[in-house]
Amino acid sequence: MAGDERSGLGEYLRHRRSEMAPRNRPGASPLSHRRVPGLRRQELADIAGISVEYYTRLEQGRASRPSREILTALARAFRLSNAERDHLFRLADERTPQPPAPAADIRPGLQHLLDSLDDTMPVTVHDGRLDMLAFNVAAADLFGPVFDDGPYGHNIVHQAFTSAGLREVLGNEGAEQLSRVAAAELRKALGLYPEDERLRSLFRELSSSGTEFGRQWERGEIGTWRSAMKHVNHPTKGLLAFDSEMLHDPENDHWVMLFTPRRA
């Protein structure tokens with residue numbers, strides 16, 4: 001680890017330690033008096049399960065490059081968020097940890113956003129597996145019952161290649177665009193979560209289901225299309241046009257898709 005990196009890591013550790021009130025330490029008295037704020041090095045080292053001598057060298061920039069296990073223990077001791085933990089790993093010149101799967105539940109604030117836009121625009125939320133987690137009333141009206149109750153019924157990739165109702169809503173051109181994007185998204189998801197059995201099972205099923213998935217998969221594309229223009233065949237309102245925009249919540253690996261109506 002270079003000198004500047006060691007210094008940056010030590011400074012970050014000292015700052016985080018100073019922010020930890022002693023009363024947050026199990027068994028500590030809230031009335032204890034300190035000359036300096038935060039935990040003592042010995043207290044922090046005890047919580048992390050490492051020697052105080054090694055922790056002191058880390059703060060002073062004199063230690064060798066810490067292992068991933070040490071960094072994980074420090075992140076846990078400091079009660080870091082995922083973003084804060086990733087910053088710690090980058091300061092130590094280590095790859096940031098990859099979660100085994102996206103978060104299962106959306107944030108309450110995000111749910112409030114969906115509900116507040118019921119009369120304004122369709123909004124959907126899916127996770128890094130491309131499972132649909134939530135959609136508002138406007139989105140339900142727009143896409144109708146295109147999802148089913150099967151094992152992959154709420155997975156966008158699966159529906160892109162198997163749902164006749166979705167093809168009817170999007171039309172041939174829109175369905176072709178979706179299937180291309182879906183294959184690229186699945187490749188990205190498998191790269192992010194290589195041990196996820198649900199994704200691997202989905203890939204096996206689609207690979208054996210017909211030629212359309214194989215044709216799109218052979219393109220070798222990967223990534224996310226953040227912006228697009230979509231046409232939707234509504235059963236009562238006719239052909240509608242929308243500008244779609246994808247927003248990412250990296251903490252949970254959730255994606256928010258906003259459909260802004262195009263004015264004639």
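The structure is a predicted model, in which local features need pLDDT of at least 70 and side-chain atom pairs count only at pLDDT 80 or more, while totals for chains, interfaces and linings use all residues. Residues are numbered from 1 along each chain as its sequence is written, and side-chain values use heavy atoms, with hydrogens and water left out. Helices (H or I, at least four residues) and strands (E, at least two) are DSSP runs numbered from the N terminus.

The largest pocket has a volume of about 620 Å³. A pocket here is an open set of points on a 1 Å grid over the protein atoms alone, where a 1.4 Å probe fits, with protein on both sides within 12 Å along at least five of seven lines; lining residues have an atom within 4 Å of a point. Volume is the space filled by probe spheres set on the points, which are joined across faces, edges and corners. Of the 32 lining residues, Ile156, Leu178, Lys230, Met257 and Phe259 lie nearest the centre of the largest pocket. Elements that each supply at least two lining residues include strand 1 (123–127), strand 2 (132–135) and strand 3 (227–234). By class, this lining has 20 nonpolar, 6 polar and 6 charged residues, where Ala, Val, Leu, Ile, Met, Phe, Trp, Tyr, Cys and Pro count as nonpolar, Asp, Glu, Lys and Arg as charged, and the others, Gly among them, as polar.

The second largest pocket has a volume of about 330 Å³. Its lining has 19 residues, and Gln98, Pro99, Pro250, Glu251 and Asp253 are the closest to the centre. Helix 5 (residues 82–91) gives the most to this lining, with 4 residues.

Aromatic rings complete the picture. The whole structure holds 6 aromatic pairs, counting rings of Phe, Tyr and Trp (its six-membered ring) whose centres lie within 6.5 Å, with planes under 30 degrees apart called stacked, over 60 edge-to-face and the rest tilted. Phe143 and Phe259 form an edge-to-face pair, because their ring centres are 5.4 Å apart and their planes stand at 65 degrees. Since Phe143 lies in helix 7 and Phe259 in strand 5, this pair ties together parts that are 116 residues apart in sequence. Both Phe143 and Phe259 are buried. The pair of Phe203 and Trp217 is tilted, because the centres are 4.9 Å apart and the planes at 50 degrees. Phe203 is partly exposed, at 25% relative accessible area, whereas Trp217 counts as buried at 19%.

Methods
Buried means under 20% relative accessible area, exposed over 50%, partly exposed in between (1.4 Å probe, protein chains only).
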